[in-house]
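Let's take a walk through this one together. Have a look at the structure first, and then we'll go from a single residue out to the wider fold.

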Amino acid sequence: MERIPGSTVWRHLLTAFVLLLSGASFAALVSCASDGEAPPDSAIAGGGAGSATFACSFCVASEQCHGGICAQLGGDTYCVPACLEGRACRGDRQCLAATDVRGNEVRVCVPRGDVCAGPDGTGAAPRGRGSTARAAYDGGAPVTGFVGPSGGSASRLYFAVVGDTRPPTEDDTPSYPLAIITRIYAHIEALSPRPLFAISTGDYVFAAPRGTEGATQLDLYLGARKRYSGTLFPAMGNHECTGFTDSNCGIGNADGVTNNFTAFVSKLLTPIHQAEPYYEIDIGAPNGTWTAKLLFVAANAWTASQATWLEQAMSKPTTYTFLIRHEGASADTAPGVKPSEAIMRSHPYTLAIVGHSHTYERSGAREVLVGNGGAPLSGSKNYGFAVVSQSADGAVAVDMIDYASGLADTNFHFALRADGTAAP
Amino acid sequence: MERPRRRNTALLAIVAALVVAGGCARLRLARRLGSAKSTAPPPRVDDARGSRLIVPHLTGAIVLDGDTDDPGWTSSGGPARTGPFALPTGAPGRPYSDARIVWGDGHLYVALYAADEDIRSAVEPHDGPLWLGDSFRLVFARDACERTIDVSPTGTVTDAVRRAGGSFDYSWESGAHVSTEVDGTVNVSSDADEEWAVEMAIPLDSLEMRGEPGEVTGFSVRRCDTAKDGSRTCAGWGTGELEFAR
């Protein structure tokens, strides 16, 4: 062991004392719980805890990177340090141009060799996001046919479901989850076989209802959606009205025609030739062995006309009936939830597909919640999307795909027969 | 039931006593509170990060209405952002929460967002134990004083101050102006809620701050939430500092 000269020893002792004093002083400032009367956990526990932990840890926003940058690397997004001018990268990293999570050009210190493929950036399920078991998704037999804005025919039902894509707070367009929704649609496009169409469960914006940010956010969404080449059939969410779950938009309704409603109709519905936020899409087998209707219910634009339409549409016999509505049965403050549920109860249907809550779950015997498309997550599950796939025996299976890994959640899988009863 | 974290040691208390010098000018004699406070179940201490947030000066108006569509929040450059609150492991806290902060006009403006499928607000008066329900807590530490402001989904505020090593004085008033926006039904667990948000303006003089560029205060923010299944989670930005930018 190296010897330390005497004067150095004193310096070290002095330094240690000063550090002890200052550290203890700060600790004292922050460690005053004394009599149990205090609000719990109010103590400030040490200053500036943010450490430079950007060793390729997974991220969705640069704020998670403690001063680093959340950059798109190797098909995922990871925290890495910036390499500013005059500030070299660590020896095991090199300064490279990259794109950050929001699409800006950046220069970052990237590990040499495998890009973020080391122990901290395994490329598998990112750390700290639960113990969800995942496996490659098997899309099953090839699919032929075409489903466009007016419906179509397909050798089997096989479609993707995306739900709830918006920033956490109103008009916070810079926080729009663009990277997440872009990746979701890229994964959908890359599935084999590729889904013939996609549906979305609503909430594409969080914007002041009479402002202009809603249109801007929808443009961001549409930019991401371009990663998928199939047709998208969107449901309307409460954020396409005023943002409140109990809001009701449309001519003659309490909240009228908001800018967000108008933008939703013009940017998402017009491309599929729909003028109303509620509509029906019909799909069938080329040989006529099965038929399916998808009924898009707008619970935040509920009218007597929509009720009549839904009643008539559900009366039309088809092998499969899917109801797509933003709010699930439990979010019954939305004006159209209770009345549409009442209509649904009097007709056969296969499955209701909903969003609103920012997670995914089988939320009822015949209801699946898909709301993890980029909006601030409310549960422990990660962002992603669902795939609905019809098998040879006629059952339709629902699986959830993780947006980061592209793998299926093996703990989440269920199948229903056409009449909505459970299938093996 | 978990107890509040205690860090007291004799040495630390002595050192604190040496350091504390004249802070907490507004500290008044502690007012004894009812038993609810002394027996309040503490949330877990599990916020994990923190660092220094450079807080921009207000560049536009902010109207306290619970909406953050005001120019003060949305103008170029934007507010300081904590980013998603996290657990100590670094994992994202769920449900999602975040905070945004600007300063100006003699106030610290804070926007707090809470995704929440089941909004539960403690039915308590001002200065009651709001932490029994879903709530945010902001802590400002400066000049040996710690000021806490708890805010519930319904906009009720509990604020307190304490000198290092002392007990909380709930007679201290932050003077915070608070507006909340709730999308859901408070204290009704049978349905699905979406979120709640807080927009608040805290007078800087109540924090004994001058409101000058370069001014720094210790800061932490966290949010605790009880889920439908009764499980309780707290996540935060961690502990660090706010520095006022020009």
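**Starting from one threonine**

Thr68(B) counts as buried because 27 C-beta neighbours sit inside 10 Å of it. (Buried means 20 or more other C-beta atoms within 10 Å of a residue's own, exposed means 12 or fewer, and partly exposed is in between, with C-beta atoms placed from the backbone.) Keep in mind that this is a predicted model, where local features need pLDDT of at least 70 and side-chain atom pairs count only at pLDDT 80 or more, while totals for chains, interfaces and linings use all residues. Residues are numbered from 1 along each chain as its sequence is written, and chains are lettered from A and ligands numbered from 1 in the order in which they are written.

Where does Thr68(B) lie? It's in the loop between strand E1 (52-55) and helix H3 (71-74) of chain B. Helices (H or I, at least four residues) and strands (E, at least two) are DSSP runs, numbered from the N terminus. Leaving aside residues up to four places away in sequence, Thr68(B) touches Trp73(B), Ala111(B) and Glu199(B), and across in chain A it touches Thr169(A), Glu170(A), Asp171(A) and Asp172(A). A contact here means C-beta atoms, placed from the backbone, within 7 Å.

Zooming out, chain B has 3 helices and 11 strands, and from the N terminus on they run α-α-β-α-β-β-β-β-β-β-β-β-β-β. Of its 246 residues, 57% are buried. Take the contacts in chain B between residues at least 6 apart in sequence: 64% join residues at least 24 apart.

Now for chain A, with 6 helices and 19 strands. Buried residues make up 53% of its 424 residues, and of the contacts between residues at least 6 apart in sequence, 63% join residues at least 24 apart.

One thing to find in chain A is an open sheet of 7 strands, ordered E5-E19-E18-E17-E8-E9-E10 with mixed pairing. Strands pair if DSSP finds at least two bridges between them. At the edges are strand E5 (134-135) and strand E10 (231-234) of chain A, each pairing on one side only. Strands E18 (residues 396-402) and E19 (residues 408-416) of chain A pair in the antiparallel sense over 5 bridges, and Val396(A) has Leu416(A) in E19(A) as its bridge partner. Helix H2 (residues 178-190) of chain A lies across strands E8 (158-162), E9 (197-200), E17 (384-390) and E18, running at about 25 degrees to E17(A). Axes are lines fitted to C-alpha atoms, for helices over the stretch in contact, and angles run from 0 to 180 degrees between N-to-C directions.

Elsewhere in chain A, look at helix H6 (residues 337-345), where Val337(A), Ser340(A), Ile343(A) and Met344(A) are buried. These four are on the same side of H6(A) because they cover an arc of only 130 degrees around the axis, taken from the directions from the helix axis to the C-beta atoms. Ala342(A) and Arg345(A), on the other side of H6(A), are exposed. The buried residues pack against strand E12 (291-297), helix H5 (304-315) and strand E13 (320-325) of chain A.

The axes of H5(A) and H6(A) come within 10 Å and cross at roughly 20 degrees. The contact is made by Ala307(A), Leu310(A), Glu311(A) and Met314(A) of H5(A) with Pro339(A), Ser340(A), Ile343(A) and Met344(A) of H6(A).

Note on methods
Two residues are in contact if their C-beta atoms, placed from the backbone, lie within 7 Å.
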